[in-house]
Amino acid sequence: MFQPPPNVAKTIQITFEEQTYQVAPGQTVAAALMGEGHLMLRKSVVSGETRAAFCMMGICFDCLLEIDGQPNQQSCMIQVREGMNIQRQLKKGECA
Ligand code: FES
């Protein structure tokens, strides 16, 4: 199972789906969420099936999330920042 790096203090606070978490700095949003046990990050707009981060290197787009109000963010490519507000993307992300 996915585990956060050992012996790293959890000093960053993020909010995911209205719940706050303390996570270690220097990791991606996808890694932080998986470390907290959240594997389902979005649903397919075609089939409605749940999707989880797969490649962790910006190729598959299965990790798309809404981060700080911006849809279609590749969570495997973005490091956690203090105060991030993250939501699952359950429908097609529309650009503002
Ligand atoms: S996990 Fe594949 S693009 Fe993010």
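Which residue stands opposite L64 in β6? In the predicted model, the residue of β6 that stands opposite L64 is Q74. The surroundings of this pair are described below, beginning with the confidence of the prediction.

The protein has an average pLDDT of 91, and 92% of the residues reach a score of at least 70. Confidence is highest in strand β1 (residues 12-16), with a mean of 98, and lowest in strand β3 (residues 40-43), where the mean is 91.

Five strands are arranged in an open sheet in the order β2-β1-β7-β5-β6, and their pairing is mixed. The edges of the sheet are formed by β2 (19-23) and β6 (70-74), each of which pairs on one side only. On average, neighbouring strands of this sheet are turned by 40° against each other, with direction ignored. As a general rule, the side chains of a regular strand alternate between the two faces of the sheet.

Within this order, β5 lies between β7 and β6. Towards β7, strand β5 (residues 64-67) is joined to residues 85-88 by 3 bridges, and the two strands run antiparallel. I67 has I86 as its bridge partner in β7. β5 and β6 together form a hairpin, with 2 residues between the strands.

Terms used
Residues numbered from 1 in each chain as written. Predicted model: local features only at pLDDT ≥ 70, side-chain atom pairs only at ≥ 80, totals over all residues. Pairing = 2+ DSSP bridges. Helix = DSSP H or I, 4+ residues; strand = E, 2+ residues; numbered from the N terminus. Axes fitted to C-alpha atoms, helices over the stretch in contact; angles between N-to-C directions. pLDDT = per-residue confidence, 0-100.
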